[in-house]
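I set out to examine the aromatic rings of this structure and the charges placed over them. My entries follow the order of the search.

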Amino acid sequence: MMVDGVEDQEKWLAAGIAGLQQNAFYMHRALDSNNLRDALKYSAQMLSELRTSKLSPQKYYQLYMRAFDELRKLEMFFKEEARRGCSIIDLYELVQHAGNILPRLYLLCTVGSVYIKSKEAPAKDVLKDLVEMCRGIQNPVRGLFLRSYLSQVSRDKLPDIGSEYEGDSDTVNDAVEFVIQNFTEMNKLWVRMQHQGPARDKDKREKERSELRDLVGKNLHVLSQIEGVDLDMYKETVLPRILEQVVNCKDEIAQCYLMDCIIQVFPDEYHLQTLEILLSAFPQLQPSVDIKTVLSRLMERLSNYAASSTEVLPEFLQVEAFSKLNNAIGKVIETQADMPILGAVTLYSSLLTFTLHVHPDRLDYADQVLGACVTKLSGKGKLQDSKATKQIVALLSAPLEKYNDIVTVLKLSNYPSVMEYLDSETNKIMATVIIQSIMKNNTHISTADKVEALFELIKGLIKDLDGAPHEEVDEDDFKEEQNSVARLIQMLHNEDPEEMFKIICTVRKHILTGGPKRLPFTVPPLVFSSLKLARQLQGPDENPFGEEGSTTPKKIFQLLNQTIETLYSVPSPELALRLYLQCAEAANDCDLEPVAYEFFTQAYILYEEEISDSRAQVTAIHLIIGTLQRMHVFGVENRDTLTHKATGYSAKLLKKPDQCRAVYACSHLFWVDDQDSIKDGERVLLCLKRALRIANAAQQMSNVTRGSTGSVTLFVEILNKYLYFFEKGNPQINADAIQSLIELITAEMQSDSSTPDPAVDAFFASTLRYIQFQKQKGGAVGEKYEPIKV
């Protein structure tokens, strides 16, 4: 087909439209004056414009639509003529005298439409005559549009069941035969377009063909609308005839489009009942046909059909749909040895979705699909094709979305094998999807075996995979990934202590392979899960099972000690210290003094040897003091040793204000409300006095270096500690000591060398108001506070 530049196309189209309009004008004038011969003469000349070979299909279509509109008017005239008594048979004969074959056939189709409507002859005879005569046009574009016109004018006049044109017998067969014959001829013309013109114009021809494909596909739509085409006729006649044409045309574009048309236009029920016939055509298609897309659409339609109603599911079982689809996909992949991985994976992904919809209870079917996918992928290494990778993720996500339960998915033995073929980055994405599914559905994973299987699945997040490139990882993404693993660890639980201990050991085995970067995220949740179990086991009988190998708090604490030590390699001493203190507190709850003492010892060693940053030291010493204050398990000797160490560390902090605060915090170590044995008023007073000396020294240093004594914040804070112990009944803290401290603070605040600080002024004023409030309470409290003057 000769197609020139855009400008030439526009010029030729304009000339064609002008010629068409001019002849249409004369045709209308003849119609108005009821001059039949002139009307036919000018209509033939008008239709001669469609004989052009210069226009592209797109431009030809514009010209055809103009002619189509005029032909509708001519058809109306023929109907009027018939009503007036003009013989349609004569008219049918008359238009055959048109000089050129193309205008003659358009006029024949137009008159034929009126002829059928008049019922002067059986519809099947007229249609057969017309479809045969249209063979006279063998130019692909002209022939396609002519047959499209025939299809258009005859679609409402087919001798169908219940139609006014229904004949005596075999009515539907005649209608089907007409449509299939027209479809077959149109497809041949459409395919022939591919082989006309030079090879260099191949891409242009393919584009033109795709523009014309709907003309061919409309025939299948007409077939699907014929009422008389029931399942038996579809199975015995319609589908085999269509497939025969599709397979025999041996054209990639036609096969792909027409197979898709069949799937889209005919009912799902028909597809299901003729699955074997339809699937048998796929291996016979050209190797270059995009079978994966067509088959995927078929499975998608069947999946939606299955999901539409539970009543149709028995039909799927009856026809063994899964088995047939599975075999068909296997044959297609076997036949097309060079099919890209993307194609195979897409097919398996669609088959798995179909299986999950139709046979949700048959896990063996789902596993069979995954196994077939593994077989196809074997020997290929990690997938490099991003589209294939995306399909694998869709394949793996389908069971998660269907079952909403990772425990069910873990029963699929081939599931982890498919994940092996994902690259490192995608493996992590898939692992995250799995964890999110567990979180969303609050899935209960309660055995060590399931935890083992789960952690094998998500190992992309747990450790660096073998062969994974060491790329720069986004810090925020990494934290998010590891936090999701931490949340997962917290969700693992079993009421049976023995099984829970096995779960903890399984998790520990996996997370310790994660390397120093991951441990700070994964060790803490493991520690807290273990402490929860240890507290659960505490009680008068430490070993309720009476078996030597059973789980005990001591066993758990030994494991924890070894686990926390791994943080030394990070290094993360501050985190390790916090965890040791948590373990000490849990050991305290379990009444295990030696264990608690050992954890405190480890925390002190870390403090001395590993924590050198002054801010970290301040935080650590306050954590130590806070934890030690809550301990009740220690005997006098052990407590004194630990307390002495803590006060020693406090006094050695770098900054004086930090020293002061740590020392007055130590006062709580000598006075614990709920322990009568720990109420040493003298040592409390010693700590507070020592804190005052340090606060005084801090002021003097400030005076020397800055020329002012600075703020009196520390004194006000110490005053609040005095008031706390005064209220608690410490005999060493009396009203005189508090009075003298108030006077000291007042004097300091009025001193010329002091720095004004509104926050401290407010703090001190609030403290004095509290004293006043207590005095006004009356009773024993008021009496106690009465000597203090504010």
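The entries below concern ring pairs, a ring cluster and charges over rings.

I worked with a predicted model, in which local features need pLDDT of at least 70, side-chain atom pairs count only at pLDDT 80 or more, and totals for chains, interfaces and linings use all residues. Residues are numbered from 1 along each chain as its sequence is written, and side-chain values use heavy atoms, with hydrogens and water left out.

Entry one: ring pairs. I found 26 aromatic pairs in the structure. Rings of Phe, Tyr and Trp (its six-membered ring) pair if their centres lie within 6.5 Å; planes under 30 degrees apart count as stacked, over 60 as edge-to-face and the rest as tilted. I looked up Tyr92 and Tyr115, whose ring centres are 5.1 Å apart with planes at 55 degrees, so this pair is tilted.

Entry two: burial. I recorded Tyr92 as buried (under 20% relative accessible area; exposed is over 50%, partly exposed in between, with a 1.4 Å probe and protein chains only), its value being 6%. Tyr115 is also buried, at 9%.

Tyr724 and Phe725 pair edge-to-face, at 5.0 Å centre to centre and 80 degrees between the planes. I noted Tyr724 as partly exposed at 30%, whereas Phe725 is buried at 0%.

I traced ring pairs that link Tyr60, Tyr61, Tyr64, Phe68, Tyr106, Phe145 and Tyr149.

A charge sits over a ring if NZ of Lys or CZ of Arg is within 6 Å of the ring centre and within 35 degrees of the ring normal. I found Arg362 over the face of Tyr365, 4.1 Å from the ring centre. The charged end of Lys784 lies over the ring of Phe726, at 4.9 Å from its centre.
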